[in-house]
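Open the model in your viewer and keep the selection tool at hand. We will go from stop to stop.

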Amino acid sequence: MLKDVSFGQYYPVESFVHHLDPRVKIVFLIVYIVAIFLAKEFLALGIAAALLLLALIVSRVPLPKVIGALRGILFLVVFTATVNLLFYQGDKVYWDAPAVLFEWKIIKITQEGIIFSIFLVIRLVLLMVCSSLLTYTTTPVSLTDGVESLLAPLKWIKFPVHALALVMSIALRFIPILMDETQRIMNAQKARGSSLDTGGPAKRVKAVVPVLVPLLVSALRRADELGEAMEARCYSDGKNRTKYKKLRFTWRDLLAFLLGAGLLAGMIVMRYFPVFAL
Amino acid sequence: MRIVAEHLTHIYNEGSPFAVKALDDLSLTIEEGEFFGVIGHTGSGKSTFVQYLNGLMRLPSSKKRRKKKGDRTVLQVGEFDLTRKKTDFRALRRKVGMVFQYPESQLFAETVFEDVAFGYKNFAEKKPTAEELERVVRAAIEETGLDYESVRNASPFDLSGGQKRRAAIAGVIVTRPEILVLDEPAAGLDPLGKREVMELLHKLHGDWCKTVVVVSHDMDEIAENCTRVAVFSDGKVLYSEPPRELFKRAETLQALGLDIPLTAKLCAALEKRGVPIDCDFTIEDFVKKTLARKGGESC
Ligand SMILES: Nc1ncnc2c1ncn2[C@@H]1O[C@H](COP(=O)(O)OP(=O)(O)OP(=O)(O)O)[C@@H](O)[C@H]1O
Ligand SMILES: [Mg+2]
């Protein structure tokens with residue numbers, strides 16, 4: 001059950017994408033998200049998807065893993081697509097049929113609504129694949145290093161960048177631990193006959209309390225212990241701390257950076273000078 | 001209920017770079033009425049195996065298994081065939097109680113009474129009456145050596161470590177399972193607490209639970225209590241025999257990174273000095289045989 005939650009877990013293989021500077025990957029992700037929301041035609045989305053597919057193949061992360069990550073947002077995708085499909089108002093005509101295909105009470109299926117929903121699904125899927133690619137190919141440590149380094153300019157306005165990065169790395173570090181813990185507690189309660197994996201939906205919801213309470217107790221205890229351990233080692237703010245791994249910008253990063261910049265430029269151009277206007 | 005496992009294999013994260021073979025074609029039989037010990041070095045698959053016994057770990061569907069040709073997995077607990085998907089796992093779990101490592105992490109209710117009653121209410125066919133609940137919960141709590149009147153309304157989080165452990169065990173035995181499985185029940189307790197937990201298990205065995213299966217690192221307790229012991233190593237069972245025979249293999253066990261009971265160490269040391277003692281490695285028997293030796297020859 002829980003072991004299927006694969007989003008956010010590093011997948012350890014050697015690849016071009018894994019060796020990229022995390023800063024480049026984070027920037028690339030942001031640029032990519034902007035780009036797919038700029039895209040207004042299928043060709044543009046197709047190009048973006050092709051680029052992502054290329055990155056995926058190069059990264060050597062197996063496809064089932066990525067699909068597993070998609071399963072997590074399946075409900076969200078289906079839900080938003082359905083809502084848009086049923087209620088989107090628009091009167092553009094794309095093919096040889098009336099603009100409004102079906103109408104019943106407040107439900108209105110329009111041609112524009114269909115196109116819009118398809119776009120939305122593709123965008124959400126690309127977004128999810130791209131962000132899970134980031135976490136599959138970047139260890140939590142280098143991810144936080146990247147964030148810290150990217151946010152470094154904010155230090156000038158006294159923003160606690162290091163503290164923020166620390167909070168993030170602790171949170172990332174604790175996800176798998178809490179996941180294990182949840183599994184353990186769930187098993188213990190199942191052994192005592194709790195209806196977590198048997199019984200109807202109402203029963204299952206009620207069975208959550210005996211899992212949540214011990215989980216909360218243990219999370220608070222862990223937080224306490226961690227705080228004490230850090231204090232005992234005289235951990236203070238990030239001033240004058242050195243890093244074990246220095247981030248370095250290499251030719252790979254330049255290449256990825258150029259690809260991202262190219263994609264963004266292409267999307268902007270295509271937005272204002274569409275090839276196949278929709 | 002008899003436990004039969006044959007050709008049991010378990011791989012965590014199969015098909016990924018994190019794949020770990022935790023059980024490797026393991027076969028083991030535990031008879032009804034045994035006080036069965038499971039020992040083995042860290043990561044040898046003990047916890048994984050015991051979780052199979054009440055269906056918390058499940059075999060992949062028989063379709064998947066059949067694909068790997070020559071699959072002959074057998075996993076039978078009493079009348080329950082755990083290789084089948086349709087097995088009634090609720091009924092199984094009522095008959096096979098499971099105490100996990102650090103069971104106090106499962107406490108959640110506002111009072112000890114509520115927490116202990118949780119399992120009983122879950123498994124009861126129809127809603128138990130207040131008197132019935134009171135009776136069974138009292139019996140379970142008192143059986144574990146806690147004082148019922150003083151803990152019944154206490155929050156489980158206010159108890160001491162040893163008391164929490166007892167309360168958690170009470171929450172499992174309250175249903176009177178036929179088989180009680182415990183994963184390192186004494187871990188993290190002080191020597192006295194350890195002894196008390198083992199004494200508790202001894203008391204439970206027989207009247208309360210027919211069969212007890214206990215994973216433990218404490219060889220003295222194993223030698224003292226168990227009818228038979230299985231030695232796990234890398235997901236396989238190396239030996240499965242009474243302590244009396246097992247601890248004669250002192251050197252093999254130590255090569256596996258396992259400890260041996262104090263009595264076995266003493267026997268080995270005495271044997272080196274030319275005084276072989278043939279005992280069953282309980283303290284009682286060791287002392288008796290040693291004294292008999294002393295009386296027999298002067299040394
Ligand atoms: N949830 C899990 N995911 C992945 N691997 C696991 C998981 N649980 C256990 N393992 C691995 O399976 C192997 C057997 O683990 P298991 O917990 O059964 O050992 P054990 O004999 O109980 O050890 P210990 O004496 O430390 O409790 C170990 O190599 C462990 O790393
Ligand atoms: Mg274990």
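Begin with the second largest pocket, which holds about 590 Å³ of space. A pocket, on a 1 Å grid over the protein atoms alone, is an open set of points where a 1.4 Å probe fits, with protein on both sides within 12 Å along at least five of seven lines. Points are joined across faces, edges and corners, and the volume is the space filled by probe spheres set on them.

This is a predicted model: local features need pLDDT of at least 70, side-chain atom pairs count only at pLDDT 80 or more, and totals for chains, interfaces and linings use all residues. Residues are numbered from 1 along each chain as its sequence is written, chains are lettered from A and ligands numbered from 1 in the order in which they are written, and side-chain values use heavy atoms, without hydrogens and water.

**The pocket lining**

Select Ser195(A), Lys206(A), Phe118(B), Lys121(B) and Asn122(B). Of the 20 lining residues, these lie nearest the pocket's centre. Lining residues have an atom within 4 Å of a point. Next, colour α8 (201–206) and α9 (209–232) of chain A, plus α4 of chain B; each supplies at least two lining residues. Helices are DSSP runs of H or I, at least four residues, and strands are E runs of at least two, numbered from the N terminus. Which element gives the most to the lining? α4(B) does, with 4 residues. The lining divides into 8 nonpolar, 4 polar and 8 charged residues. Here Asp, Glu, Lys and Arg count as charged, Ala, Val, Leu, Ile, Met, Phe, Trp, Tyr, Cys and Pro as nonpolar, and the others, Gly among them, as polar.

**The interface**

Now show both chains. In contact (heavy atoms within 4.5 Å) are 23 residues of chain B and 19 of chain A. Select Gln106(B), Phe108(B) and Phe118(B): they supply 24% of the area that chain B buries against chain A, more than any other three residues. Buried area is the accessible area (1.4 Å probe) lost on putting two parts together, summed over both. The two chains bury about 1,900 Å² between them, 59% of it on carbon and sulfur atoms.

Zoom to Asp115(B) and Arg192(A). They form a salt bridge, with the closest N and O atoms 3.0 Å apart. The term needs a side-chain nitrogen of Lys or Arg within 4 Å of a carboxyl oxygen of Asp or Glu.
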